[in-house]
Amino acid sequence: MKVVILAGGFGTRISEDSHLKPKPMIEIGERPILWHIMKYYSEFGFHEFIICLGYKQYVVKEFFADYFLHTSNITFDLANNKMEVHNNYSEPWKVTLIDTGLNTMTGGRIKRIKPYVYNEPFMLTYGDGLADVDLHALEKFHKSHGKTASITTVNIAQMKGIMEVDNDNIVKTFREKEEGDGDLINGGFMVLNPQVFDYIDSDDTIFEQGPLQNLAADKELMSFYHPGFWQCMDTQRERIKLETLWNTGKAPWKKWKD
């Protein structure tokens, strides 16, 4: 199953860094948060990624083009115009980088990668959030119910999309958070069947509005509740929180060995 990552937005709420690079390339422990997300998925055996790019997409492309320069010890033999990489390990990743447009909304970005998922179910997440979601359990849950979409839900008081879920885990409604809410929110880490593309109209479609609302209305959106760690990176305070967890060896999402 391929993993689609939304990494094309402007990241205006963390503008101290995002004026230089797209938000998914802002670093946690000297590695982009995008790298952390991919390492996490890879630990569960998901190695094929489709990354939806837009704002400053060249930064992401250059990172992968020069991946060994960013992650390895290297000797440059300038006299002989040679480069020697001193480790034998490489990530088991296949990474497809897609220009989904500078001003395209989240739904439009998803629509544009339709040719790359080959009419198969795929995972989807945002390029600015980390968690310790059990991805194998999420995949199993999605296959068990036969609906179009599964979305990881978390209970946290932030200004995110709100979902109302019944006792059968069917999402009844999807709406933006209002004052006084303390309900489940959209935590990303979704699994989607190809039928989801039928819910997206154009580049201007915001996935978290029309498509998710209509999936909920059609009883095609299922909630996978995650009670564990989840943290987005919308602000510098949140980035510092993630950085502190990483630097102190307490990052819940770090499942891999160095």
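**Cysteines, a histidine and a helix**

Reply: In this predicted model, the sulfur of cysteine 232 has its closest cysteine sulfur in cysteine 52, 19 Å away, which is too far for a bond.

Me: What makes 19 Å too far for a bond?

Reply: A disulfide needs two cysteine sulfur atoms within 2.5 Å, and the sulfur of cysteine 232 is 19 Å from that of cysteine 52. The structure holds zero disulfides. Cysteine 52 is in none, with the sulfur of cysteine 232 as its nearest cysteine sulfur.

Me: Why does cysteine 52 count as buried? And why does cysteine 232?

Reply: Buried means under 20% relative accessible area. Cysteine 52 is at 0%, so the label applies. Cysteine 232 is at 4% and therefore also counts as buried.

Me: Why is histidine 145 called buried?

Reply: Its relative accessibility is 17%, and the cut-off is under 20%, so histidine 145 counts as buried. This residue lies in helix 6 (residues 135-145).

Me: What makes the pairing of the side chains of histidine 145 and serine 150 a polar contact?

Reply: The pair is at 2.6 Å, and the limit for N or O atoms is 3.5 Å, with one able to donate a hydrogen and the other to accept it. The side chain of histidine 145 also reaches the backbone nitrogen of lysine 147 at 2.9 Å.

Me: How do you know that the span of helix 8 agrees with its number of residues?

Reply: Helix 8 (residues 236-247) has twelve residues, so at 1.5 Å a residue it should span 16 Å; its end C-alpha atoms are 16 Å apart, which agrees. Its buried residues include Leu242 and Trp246. Just after helix 8, glycine 249 takes a positive phi of about 70 degrees.

How values were computed:
Residues numbered from 1 in each chain as written. Predicted model: local features only at pLDDT ≥ 70, side-chain atom pairs only at ≥ 80, totals over all residues. Heavy atoms only, no water. Helix = DSSP H or I, 4+ residues; strand = E, 2+ residues; numbered from the N terminus. Expected span 1.5 Å × (residues − 1). Buried < 20%, exposed > 50% of the residue type's maximum accessible area, 1.4 Å probe, protein only.
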